[in-house]
Every structure is written in structure tokens, then in C-alpha cells.
Amino acid sequence: MKRSLYSLCACVLTLRAFAAAPSDYISQLGLPEGAKMRIGRGSVQSLAYSPDGKRLAAAGSVGVWIYDALFGGEIALLRGHTDPVNSAAYSPEGERIVSASEDWTVRIWDAETEAHLNTLKGHTESINSAAYSPDGKRIVSASADQTIRIWDAETGALLNTLKGHTASVRSAAYSPDGKRIVSASGDKTVRVWDAETGDLLKTLEEHTRGVLSARYSPDGKKIASAGSAIRVWDAETGALLHTLSGRGATGGLAYSPDGRYLARGNMYDDLLLWDAAHGAPLEPMFKRAPRSGASTLAFSPDGHNIAGADREGPIHIRNIEIRAQVRAFEGHTDFHPRAAALSPDGKRIAAANRFDRFVDIYGAADGALLHTYSASSRVTCLGYSPDGKRLFIGSMGNSFGVWDAEKKTQLHRFIGHSSMIVSAAFSPDNKRIASASWDRTVIIWNAETGALLHRLKGHISPVNWVSYSPDGKRVVSAGLDNTTRIWDAETGAPLHTLEGGRSELHSVSYSPDGKRVVSADSDGKAVILDAETWAAIKKIDGDDYGRILCAAYSPDGKMIATGGWDRIVRVWNSETGALLKKLEGHTGYIGWTAFLQDGKTLASSGFDGVVLLWDISDL
């Protein structure tokens, strides 16, 4: 009783002492060369506390964020991986951090200076996890290449490769005494290995679906594994002791340091706890709320708190004893392309994680979060009216809303498409809106009343993009049927159809003077067209991986910015097609580029869940 009372008092003191304001959404930490600002922090794939409990490492799509777990605020961003980071873990003494990435490498970092110390290469596919041995002398990594590799933590030398799984190995971890390694795989098995020889000792086969993670209990006597259900095994005999049911399969699984609790997050309930000794379910820590979840989690070393996060919300640190939130780190978003839009005056950026229903408005000068809209369903596209007074928000529900950008209230709901809306544009006079949908049509609407004026039919595949000409007389659309189509904006009559060969078209936009149109295609080219004759003037080879997803003109029409599969933003001379600049820093495909009105700043949005602002004042 005394211990419980002491713990409760300590928890309340913790809440009072550390109730600092949450970190800003914007961070200047770890920016790539040439970038001046980042909006969002990307996804969260895994969480790990430092051994002293003072820091929290969050691995995700842009790198490894290091947070102050006690007082809040970011300490560092470890960048260097060229693809998303799937896991991060501290060494037993807390002096090192090991990270595993989809770029097929394991990296070792100095936890105090954040310096990169070593890169371990050998896996031939994405690496799902990496962890230190209890004595800190070894690192074990698990990969989609179906192998587990053991490395010398000091030299980086490969010591052993464990083979036997027949599908991706999702996790690998040492036993508390360092003599065993337990692995979990998509082949529905959990395997136990001799950590010294690499010999396979046991195969646990009761799972009916792929296994996402496996962990030893702190005393080493049990193994818990998570797939569609949690199974708890006798670590010595391999006998199945408990099967713990729970909705939604996620990889978040952890024992409390004292072994009393087994925790798991899933896609329905925010965080579930079990009595680890008997497998008895306890009440959920918290029911799932918007922008929260716990697909990955970690106990603090003292066992009082648990950190959890999923791809749809912030990182929450919650106290076990009193079921209260201690801290939250905001700004993380799902690993999807961010829908984004610039206000006409260049002062605001609207950004939404696609397939989330929240739209955040930021100040373009300082990155301050100004407002958050809550759409009716998951967001697919965004755009401002030319006068900046309205914002459209397209959503999964076959409709889109127009909002008052100042009063933050919804003005109209536009319903008429039969499938997802992926692009929309206001007419230059603010009176009409054109929307493009995967139902293969473009619709022109009265922006004031919401009335459907024209349904433009002709595309035989989903339409990806729609734009107005600067004079408002034309609408141009691009689709997966490899065509660009030009329509009379007043009557809706088709005017021209441009065949794109075998290339799917992803975006199409007019130059500011209306004399040119630039389209982006799946062959890795940006094609500049004459807006009168529709003849191709120039083709720009703009993506090393062969697919451009976006192309946009600068305000003066002298430059074009492209982005696509190779994650590089390129800036071109729009007249000569000469490459002016390459901007590298996204760790996901780039789906949107736009110039700010000053012509000195370029914005880009990627599948890494962040918007980057780049300095192009030297062009």
C-alpha cells in the first residue's frame, strides 16, 4: 500500500513538474542542404527510451527524432538514411543509437553528439529492426531478405547470418542473458536461435498469420509474440501458455521493466494491457481518439510511463498508475503523400496527410500552426481560391467542401462525383470550381451556390489533375488514360485531346501568361506544350526512376519545378529546359511542388509526410 501511494504521489509530481508546452510543429533540426523549413515530422515507426529515461527516440520516415522525454521538446534529428527508418534502439549504456532503414543499411550514432559513427551493409532488402545485445557488444538486425544478421557493435564486422525463415523477418531481439535471439516473421513462425553459434533451437508455429514482433520477458522465462493475436510461450520448452485476443494486428508489443504488464497497441483501441503473469486482460489505457493510437510503444525504464504512437497522430507519453497523459509530441503524420496548397499571397500553407481528415494551416514565414480544419472524411486534395478567401478540401467521400479561409467555417458541400476527388481548381474570377475524379469525369460547379454546371466526359480512366487557364476560358485535365484534354470552361465542350502515348499523366498546369502548359508523365518527362497549337515545344527528362508526379511554373514563368519517384526536386529553365538546381532531402516520392509568390522559395510535399521549403534565391 505504501509503495502504491508513493508511486501515485510521484506520478502527480511528474505531471506538475513536466507540464511544459508541447513542441512546435516546425523544426529547423536536421534540415537537408538548401532547405529553410520543414512542416511536419513524418511518420513514426518505432519508439525507444534511453536507459536513463531522459530521452525518447522516434524512428520514422524522415530519420530518427530525439525528444526530451521529461520536459518536452526536440533535441536532435538523426539524418543520413536515404529511405524511411523502421526502428531505433539505444545501447545498454545509452552511449549509442542503432537504426535500421528501408535503404538496406543499419547505422550507428553517438547518442550524445548525434554524430554518425558507422554504416553496416549486407542485407539485400529493407531492414525491419535492429537491437543491441545486453552487453552492448553485438547488434542483431532483421530484414525483408528473410535473414537475421549479427554484427560486431564496435567494428561493424558481420559475424553471422541466420537463415531459415521463408518470409520477411519483422523483428529480432536478444534474451536478457544474451544467449538467445528470438525472431518473428511473415512466414507465421517465431524462431529461437543460439546467439553464439546461430543454430536454430526452436520453431514456434501456432500463429495463423504473419508474426509482426516477438519479445522476451524481463526474466527471460517467457516469449510474447504478436500477430493477429498475442501468444505467450514458455521460453525454455516452447509450450504455448496464453493466447491473448485483441482487434487489429500491429507490431506494438512490450513488457514492462518489472514484467508485471504486457502492452500492445492496435488499430481500434489506443493501448491494451494484460497481466503478464496470468494473461488476464486489464482495462484499456485509453480508447482510441482522433489523431492518436499506439501501433508502436515503449515503456520508460522506471516502468511508470509508456510512450505510444501510430501513423495518424502524435506521440503520447502516459502514466500507468493514474492513466493520465504526461506529454505529447505533435506534428507526426502518416506515411502518405501530403496534400498541400499555397495561399495566393504566399503567406499560408495548407497541409493535410492524405487519408487523414485534418487540414493544418501554417504560416509560410515562420511555420507557426495557425488553424486546423476537421473535414468530414479523409482528405485527398486542397486548394485556395485566387482571392485567398476560400479553401476547398476534397475528400474520400466522393465530395468536397469549400470553407471560409478567414472564419474557418464550411460554406458549401459539393456532391456529384461517384468516386474519389483527387484535384480541383478555382476559376481566376473565383466564381467556378473544376474538380477531377477517379470516376473518369471533370465537373464544373458554381462556387457560390454549389450547383453542378457541366459534367465533362471523355476520359476513359481516372482523372488525376485539373487546372484553369489564367484567362478562365479553358479547363485542362490529365488522366491515367494517357491523355490531356482541353475543354471550353463556359460550355464544357471538348476542344482538344492530346494523346500521351503509353504515359500516364499525373499533373498539368498553365504558365502564368497562359501561353504554355506543362504536363508530368510516368515516363519521367515534363512536356511543355504550346497552349494555342498544343504542339510539344520541349521535353524535359526529369526523374531518374522514370515517373514525374508534379510540375509547376514559377510566378514569373521563367522556371519549372518537378518532383517524382526519385525524391529529388528539380528546377528548370522553362525556355531552354536547362537544369538549374537539384534539391535532395525527401525520403519519399514527391507529389507536389509550388513556388511562393516571392519567387525565392519553393515548397515540396512528399510521401515521407513532410513539406519542405527550399531557398532558391540564387536562381
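Student: What share of the contacts with a separation of 6 or more joins residues 24 or more positions apart?
Tutor: In this predicted model, residues 24 or more positions apart account for 42% of those contacts.

Student: How many helices and strands are there in the protein?
Tutor: The protein has one helix and 58 strands.

Student: And how much of the protein is buried?
Tutor: Of the 619 residues, 59% are buried. The accessible surface is about 24,500 Å². Carbon and sulfur atoms hold 48% of that surface.

Student: Let's pick a strand. Why is S11 largely enclosed by the rest of the structure?
Tutor: S11 covers residues 127-132, and six of the six are buried, so the rest of the structure largely encloses this strand.

Student: Which strand is S11 joined to, and which way do they run?
Tutor: Five bridges join S11 to S12, residues 138-143. The two strands run antiparallel. For example, isoleucine 127 has serine 143 in S12 as its bridge partner.

Student: What sits between S11 and S12?
Tutor: Five residues lie between the two strands, which form a hairpin. Glycine 136 is in the turn, with a positive phi of about 75°.

Student: New topic. How many cavities of 30 Å³ or more turn up?
Tutor: A search of the whole structure gives three.

Student: What lines the second largest cavity?
Tutor: Its lining includes Pro32, Arg38, Ser61, Val62 and Arg79. Gly585, Thr587, Asp608, Val610 and Leu612 line this cavity too.

Student: And what is that lining like by class?
Tutor: Four lining residues are nonpolar, three are polar and three are charged.

Note on methods:
Residues numbered from 1 in each chain as written. Predicted model: local features only at pLDDT ≥ 70, side-chain atom pairs only at ≥ 80, totals over all residues. Heavy atoms only, no water. 1 Å grid on protein atoms, 1.4 Å probe; cavity = no way out; pocket = protein on both sides within 12 Å on 5 of 7 lines; lining within 4 Å. Points joined across faces, edges and corners; volume = space filled by probe spheres on them. Nonpolar A, V, L, I, M, F, W, Y, C, P; charged D, E, K, R; others polar. Helix = DSSP H or I, 4+ residues; strand = E, 2+ residues; numbered from the N terminus. Buried < 20%, exposed > 50% of the residue type's maximum accessible area, 1.4 Å probe, protein only. Contact = heavy atoms within 4.5 Å. Areas by Shrake-Rupley, 256 points an atom, 1.4 Å probe, with all protein chains shown as cover. Pairing = 2+ DSSP bridges.
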